[in-house]
Amino acid sequence: MTKKTAPAKDKISPHANPKTGTGGDRFPIVGMGASAGGLEAFETFFKAMPGDSGMAFVLVSHLDPTHNSILPELIQKKTQMKVHQITDGLTVQQNMIYVIPPNKDLAILNGALQLMDPPHPRGFNLPIDNFFKSLAQDQGADAVGIILSGTGSDGSLGIRQIKGELGMVMVQDEDSAKYAGMPRSAIATGLVDYVLPADKMPEALVKYSRHAFVKPRDKITKDEKKTQNALQKIYILLQTHTNHDFSLYKKNTIIRRVERRMHVHQIDNIEDYQTYLGRSEREIHVLFKDLLIGVTSFFRDPEAFAVLKEKYVPGLLADKPEGAMVRIWVAGCSTGEEAYSMAILLQECMEKMNRHFNVQIFATDIDPDAINTARSGLYPLSISADLTPERLKQFFIKEDNHYKVKKSIREMLVFALQDLIKDPPFTKLDIITCRNLLIYLEPKLQKKLFPVFHYSLKPDGLLFIGSSESLGQETTLFKIYDRKWKIFKRQAGQSNARPVLHLPAPASPEEPPAIKPAEAVTREEDINSFKLMETILQESGTPPCVIIDEKLNIVYVHGRTGKYLELAPGRTDFNILDMARPGLKTVLASAIRKSTSMKQEVVRKGVDIQDNGTFITIDLTVKPVLAYDALRGMLMVVFNDVKKAKPKTKPGASRKNDAISRLEQELQHTKENLQTTIEELETANEELQSTNEEFQSTNEELQSTNEELETSKEELQSLNEESATVNAELQSRLDELSDANDDMKNLLNATRIGTIFLDMDMNIRRFTDSVTRLIPLTMSDIGRPVSHFATQLKEFQIVDHALQVLKDLSTREFEVESRDNKFFRTRIMPYRTMQNVIEGVVVTFEDITEFNRYRLTAQRLSVIMDSKDAILIHDKKGAVTFWNRGAADMYGYTESEALKMNIRDMIPEENRKAALELIDEAFTGKLFDSIETFRIARSGAVLKVWVMVLALRDERDMTNGVVTIERIIQDAE
């Protein structure tokens with residue numbers, strides 16, 4: 001097993017009960033990261049989240065550092081929970097929402113939020129990654145990370161930390177996200193537990209929280225026998241589907257990860273989870289990935305790498321000759337960050353020593369997805385938090401939304417799938433790094449692995465393990481170099497040690513095979529072209545010749561060429577220079593080179609060639625083949641025999657002269673060849689020097705331009721994200737204002753008060769529908785002077801009164817009459833802005849026609865109330881509904897007493913029947929003259945009265961009461 005994971009300690013939430021260490025008050029803290037499009041996602045999420053979930057939410061968004069954010073008040077409208085903008089040192093509490101302020105980075109320590117200044121006010125900052133890392137370190141398994149809409153990759157490294165501490169991760173699905181960059185980058189890590197739309201997240205989050213924090217349950221290890229039995233079956237399922245054995249992993253590590261998966265699925269019993277695992281191949285894959293969480297980074301533990309670079313690697317390289325092989329094995333490389341860190345470290349050491357070595361780094365892991373990521377050499381922009389700007393610039397190329405490892409570093413590494421437990425190791429190694437893996441393995445397996453490492457290393461080789469790991473009892477195999485950072489040297493006295501696992505010693509099959517010389521590439525023949533060439537050569541009587549390609553291989557032969565060319569001994573080779581007979585090779589090479597460079601025919605006359613102990617003289621011609629697709633770019637070499645005149649000198653002298661002539665000829669050809677070569681080299685050198693200078697200048701310009709563009713791109717990307725967030729906030733505010741405007745319009749229309757707003761020049765700014773009854777306005781009239789319109793008002797000039805109001809800034813009221821005889825209370829007041837600036841007037845028209853009518857009625861009622869006669873009103877049943885002062889004086893009952901009485905109570909019994917019949921007739925509308933009858937006063941006295949009875953009618957002309965006007969009849973004395 002070679003996967004590297006970060007220590008995921010059994011933590012208790014720091015603010016649960018830090019003094020006692022009990023977890024009674026544990027609750028999840030949910031970190032939520034978003035960028036462009038995040039406001040909509042936040043609002044959707046909290047609209048569906050109950051206010052009593054028992055969780056705390058910390059919102060981190062990319063905000064404009066120069067703009068005051070209204071995000072807290074916008075979210076407050078969507079939730080019952082209280083929303084706070086974070087202040088330094090604020091303690092996190094349940095059922096609360098905390099929002100990061102602009103231009104701040106955020107961390108959490110012991111449950112308290114800490115604000116810090118960002119490294120760059122505007123540019124490439126990673127506030128979500130930074131907070132998620134802090135949240136994971138502080139809260140451990142109580143941490144929850146959620147990634148919502150946004151561009152870029154911020155948050156992807158942070159969720160690795162959360163998963164490494166056994167927290168939970170949710171991501172908004174790409175389809176529902178307004179901007180899918182951040183969700184896509186997070187999903188690509190393979191570490192996400194839930195991928196859901198924002199409105200579906202709260203339900204899943206609440207279920208997870210209740211199972212992991214609220215619902216009381218027993219530990220899955222309570223029944224040791226049952227747990228062990230279920231774990232064995234889980235090991236078998238994993239080994240069957242992945243071919244990897246986890247039974248020698250530490251039990252607590254396995255149990256913590258199994259328990260976390262049970263929380264995700266809300267499963268209480270480990271046996272039920274084992275059953276579910278057996279039915280779901282996807283869950284097996286997810287559990288496998290959970291067991292292999294690679295919490296790694298570039299130069300993790302920077303001080304450890306600095307010590308390795310400064311103290312130990314230079315000493316290891318010092319005794320090696322220039323160009324020697326340096327072999328390194330990174331076991332458990334995860335997604336490759338540590339392997340690339342070692343490559344960068346070696347490159348920096350070589351540059352510092354001004355020496356070059358052939359570095360070969362074997363990086364292995366059992367996770368195919370992690371290996372594929374490592375092979376690609378592509379990493380999110382957030383790695384800038386782990387690398388210095390100098391290293392980013394020197395060893396990485398920035399492309400769209402990611403960094404790519406440069407080719408010079410990538411070529412140092414070979415990535416391969418390998419199981420450290422069962423696969424053979426690499427050998428003859430200078431360094432082995434195996435960091436933060438051994439801590440998860442049982443001591444029994446660790447004891448077997450150290451001899452393997454010892455056997456794989458050369459004498460004086462280095463072993464580099466994690467700071468939390470140790471050699472255990474294997475102290476005889478390695479010598480301690482650095483106790484703090486766990487750097488060890490192989491013990492020279494144990495050079496013959498064999499690995500306990502008895503694994504094969506030869507180099508791993510993953511090592512690259514020796515590179516063989518490339519075979520000559522032959523052109524694809526065009527049969528028709530060659531046939532045409534053959535016909536032309538035969539018909540033209542061309543001397544023997546051959547056609548050669550760019551690599552000087554013969555591809556076509558015409559005539560008999562055996563006098564000039566012959567196959568060389570050994571492996572078959574059709575290179576014309578290798579086949580040239582003695583005396584021809586030098587001249588032929590020079591002619592071919594000149595013809596190739598000048599693209600023209602070259603002739604060499606009088607060339608002597610040795611043929612079976614004698615010499616023949618030829619004229620050699622080399623010329624380009626200028627036609628035909630299959631022959632384009634090839635050369636034709638023509639051999640033309642020359643007949644010599646018979647010598648007149650003696651035979652011996654003739655042979656001597658021939659020899660001298662040949663030597664002189666060869667010398668002349670050699671001089672020409674040398675001169676041509678020198679000229680070509682000088683010309684090529686000048687051209688290369690000029691080109692190199694141009695390239696160097698262009699490269700510097702491009703590098704400078706690229707740096708400027710990258711900086712501008714980062715700033716523009718950051719500005720774009722911030723602008724999108726601000727735009728979303730402003731759009732939300734605009735929607736609110738639109739709603740408020742609609743509410744105000746409906747409110748004004750509901751009051752039925754006509755209102756018109758005029759600016760300082762008496763132009764119409766706005767009006768309500770009710771005012772159109774008096775002034776014929778339409779929406780197209782806004783901006784026109786109100787004086788252009790005739791009104792329905794009698795003798796009332798709006799403009800004159802409005803100008804007077806602007807002059808003295810006092811409110812004026814008038815009662816005016818319209819041409820249809822309606823009355824309006826008109827009020828004119830200054831129009832004041834929120835800054836108390838006068839920008840016009842407001843004119844209102846309140847219809848008081850009915851009010852005036854009621855006022856007149858009230859005046860008449862006032863006369864009735866003050867009448868000295870008793871005036872009563874009662875309904876059909878006799879209940880008194882009106883009682884004036886005259887009645888109170890006459891009968892002694894107060895108004896409040898009378899309104900509780902019935903008219904029957906005031907009629908003597910002997911007169912009651914006739915009086916009631918009279919009332920019934922009045923209700924039918926019958927008119928009566930005044931009648932004489934009797935009434936009983938409060939004192940009990942029977943009074944003789946005159947009564948006038950009238951029917952009281954409503955607006956529908958229906959009788960709804962009877963009015964009686966009563967006066968005491970004074971007896972004549």
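This is a predicted model: local features need pLDDT of at least 70, side-chain atom pairs count only at pLDDT 80 or more; totals for chains, interfaces and linings use all residues.
When I say contact, I mean heavy atoms within 4.5 Å. Residues are numbered from 1 along each chain as its sequence is written, and side-chain values use heavy atoms, with hydrogens and water left out.

First, the α8 and α9 pair. V258, R261, M262 and H265 in α8 meet I270, Y273 and Y276 in α9. By class, that contact has 5 nonpolar, 1 polar and 1 charged residues. Helices here are DSSP runs of H or I, at least four residues, and strands are runs of E, at least two, numbered from the N terminus. How do α8 (251-265) and α9 (270-279) pack? Their angle is about 80°, with the axes 11 Å apart. Those axes are lines fitted to C-alpha atoms over the stretch in contact, and angles run from 0 to 180 degrees between N-to-C directions.

Now α5, residues 181-188. Which of its residues are buried, meaning under 20% relative accessible area with a 1.4 Å probe, protein chains only? They are M182, P183, S185 and A186. Seen down the axis, they fall within an arc of 165°, so they line one face of α5; the arc is that of the directions from the helix axis to the C-beta atoms. These buried residues pack against β1, α3, β8, α4 and β9. After α5 comes G190, with a positive phi near 75°.

Zooming out, 47% of the 973 residues in the protein chain count as buried, and the chain has 25 helices and 35 strands. Thanks, everyone!

Methods:
Buried means under 20% relative accessible area, exposed over 50%, partly exposed in between (1.4 Å probe, protein chains only). Ala, Val, Leu, Ile, Met, Phe, Trp, Tyr, Cys and Pro count as nonpolar, Asp, Glu, Lys and Arg as charged, and the others, Gly among them, as polar.
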